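Reader: I am new to this structure. Please take one part and look at it closely.

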Amino acid sequence: MNKVSVIIPAYNKAEYTRRTVESVLAQTYPDVEIIVVDDGSKDQTNSVMAGYGSRIKYVLKANGGACSARNEGIRKAAGEYIAFLDCDDLYDVEKIRRCVEHLENNPRFGFVYTAVYFIDEHDKIISLHDHPRSRQGWITSRLILENFICNSTVLVKRDVLQKAGFFDETIFTPADWDMWLRLTEIAQAAYIREPLTKYRVTDNYVFNRLQQARREEMYVLEKFFERHPTQFFLKRQAFSNYYFRYALCDYIKNDFDGFWADCRTSLKLVPWNIKTLVVVLLACMSPKWLKSKLEKKILRKG
């Protein structure tokens, strides 16, 4: 039986991290290595993790960000499969078993991701994330248009991850997207349409740091198309969608100058971008309804 290494980067969330570790210890799959990489926490994470003794590998390092913690976990991992789980997310008890069986029964796939429940700080389910673009096979051309792979759902073969390389430590908000893109360039993706992970939504990090997110996401796009310089049409589509996404955030923040500027740029790149055209129309005809819908979709209000 192949060992699975679950890498949990932890930072100042001792109680959530405890619950995350418990969800991995409860797995029905018998051969699981839990690696908690403490990225310099100032709270009780160290003492809480000490209570698990040899049931986990606990690694304490100087603060360097989530990507550096994940990379340290990769270096320490002994498993034939590697999984990434944020320290406030939870696994269904069947998560690892189902993912491993899916890959071993379908050897053409290099990694697997799943549907996910979004939960609040009290573990209450907010919504189900089963994205219509979520597909199997060679999905790079779809994934570059929008990141539909939820971070804590991925389990990857070790040799595929080694070919893709480490997480990019120069960025934070879209670092998972950058990694999934590199994985899809060398391996086919498998998808399980069951919510086998619970992803915690607490402070909407990206929305509260839009300028950082914009810079870093632009960097990921530019980095991708440096690797694929002949994909001219795909590039225009990807950047059109980029401006569309940030137009929606502008609208929620009542930055209407930014909203119209981003919409214009999106349509300049792809004049038939249906999503942008529809949002422009709704902004003119039903502005309050549009804002309510966007807040529910992006901020998960209501």
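Reader: Which residues in α11 meet which residues in α12?

Author: In α11, V279, L282, A283, C284 and M285 meet P287, W289 and L290 of α12. Contact means heavy atoms within 4.5 Å. By class, this contact has eight nonpolar, no polar and no charged residues. Ala, Val, Leu, Ile, Met, Phe, Trp, Tyr, Cys and Pro count as nonpolar; Asp, Glu, Lys and Arg count as charged; the others, Gly among them, are polar.

The model is predicted: local features need pLDDT of at least 70, side-chain atom pairs count only at pLDDT 80 or more, and totals for chains, interfaces and linings use all residues. Residues are numbered from 1 along each chain as its sequence is written, and side-chain values use heavy atoms, with hydrogens and water left out.

Now the geometry. Two packed helices are described by the angle between their axes and the distance between the axes. Helix α11 spans residues 274–285 and helix α12 residues 287–299. Helices are DSSP runs (H or I, at least four residues), numbered from the N terminus. The two pack at about 125 degrees, with axes 6 Å apart. Axes are lines fitted to C-alpha atoms over the stretch in contact, and angles run from 0 to 180 degrees between N-to-C directions. α11 and α12 are therefore oblique to each other. Under 35 degrees counts as roughly parallel, over 145 as roughly antiparallel, 65 to 115 as roughly perpendicular, and the rest as oblique.

Elsewhere, strands β2 (residues 32–38) and β3 (residues 57–60) pair in the parallel sense over four bridges. Pairing requires at least two DSSP bridges between the strands. D38 stands opposite L60 in β3.
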